[in-house]
Amino acid sequence: GAPEPPDNMDEMARLKVAHNEKNMELLSAERKKDGLQEQLRGQEGALAGAERRLKEIDSVRGQKINVLMHKNPRIKEGDDWLTAHANLFHQPVLGPILTLIECDDPNHQNYLEQTYP
C-alpha cells in the first residue's frame, strides 16, 4: 500500500503559535504607530496654532489687537470668539473697530488711541 503521510501535528501547532506571536507583534506595532500618528497630529496642531499666532502678530490687524490689549486685556479673547463663531451670525461681524481704521497721521493715531476707553 501507500506510505502513511507524516504526522505534521507538532509542526502545525508550532507554526500556529509562531503565527499568533507574529500577529500579536504586528498588532502591537500598529497600535504604537497609531499612537505616534496621534501624537504627531497633536504636535502638528500645536505648530499650526503657533504659526497662526505668528501671522497674527506680524499682521497689521494683529499688531493693532496687541496695542488694544494694553487697555483691555480681554479684547483678544473676544475677537477670537467672534472669529471662531462667525458662522452663528446672519451677517458678517467685524472685530474691534479700531483694527479696521487706517490712519497714517501720527497725531490722529495718538488721538484715536487716547479716546479708546
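A: The answer below begins with confidence, turns to the patch and ends with salt bridges.

The model is predicted. Its chain has a mean pLDDT of 87, and 97% of the residues reach 70 or more. Confidence is highest in helix α1 (residues 9-58), at a mean of 91, and lowest in α4, at 82.

The nonpolar surface patch consists of Trp81, Leu88, Phe89 and Val93, which together have about 380 Å² of accessible area. Val93 is located in the loop between α3 (75-84) and α4 (106-115). Val93 counts as partly exposed because its relative accessibility is 40%. Trp81, at 43%, is likewise partly exposed, and Phe89 is partly exposed at 33%.

The structure holds one aromatic pair. This pair is formed by Trp81 and Phe89 in an edge-to-face arrangement, with 6.3 Å from centre to centre and 80° between the planes.

Salt bridges number seven in the structure. One of them joins the side chains of Arg61 and Asp79, at 2.7 Å from N to O. It links distant parts of the chain, since Arg61 belongs to helix α2 (residues 60-69) and Asp79 to helix α3, 18 residues apart. Arg61 is partly exposed, with a relative accessible area of 32%, whereas Asp79 is buried, at 6%.

Another salt bridge connects Glu102 with Lys64, whose closest N and O atoms are 3.4 Å apart. Glu102 lies in the loop between α3 and α4 and Lys64 in helix α2, so this pair ties together parts 38 residues apart in sequence. Glu102 is exposed, at 63% relative accessible area, while Lys64 is buried, at 18%.

Key: Residues are numbered from 1 along each chain as its sequence is written. Side-chain values use heavy atoms; hydrogens and water are left out. Patches are made of residues with over 30% relative accessible area and no salt bridge: like charges are joined within 9 Å, nonpolar side chains (Val, Leu, Ile, Met, Phe, Trp, Tyr) within 5 Å. Accessible areas come from the Shrake-Rupley method with a 1.4 Å probe; for residues, only the protein chains shown count as cover. A salt bridge is a side-chain nitrogen of Lys or Arg within 4 Å of a carboxyl oxygen of Asp or Glu. Helices (H or I, at least four residues) and strands (E, at least two) are DSSP runs, numbered from the N terminus. Buried means under 20% relative accessible area, exposed over 50%, partly exposed in between (1.4 Å probe, protein chains only). pLDDT is the predictor's confidence in each residue, from 0 to 100. Rings of Phe, Tyr and Trp (its six-membered ring) pair if their centres lie within 6.5 Å; planes under 30 degrees apart count as stacked, over 60 as edge-to-face and the rest as tilted.
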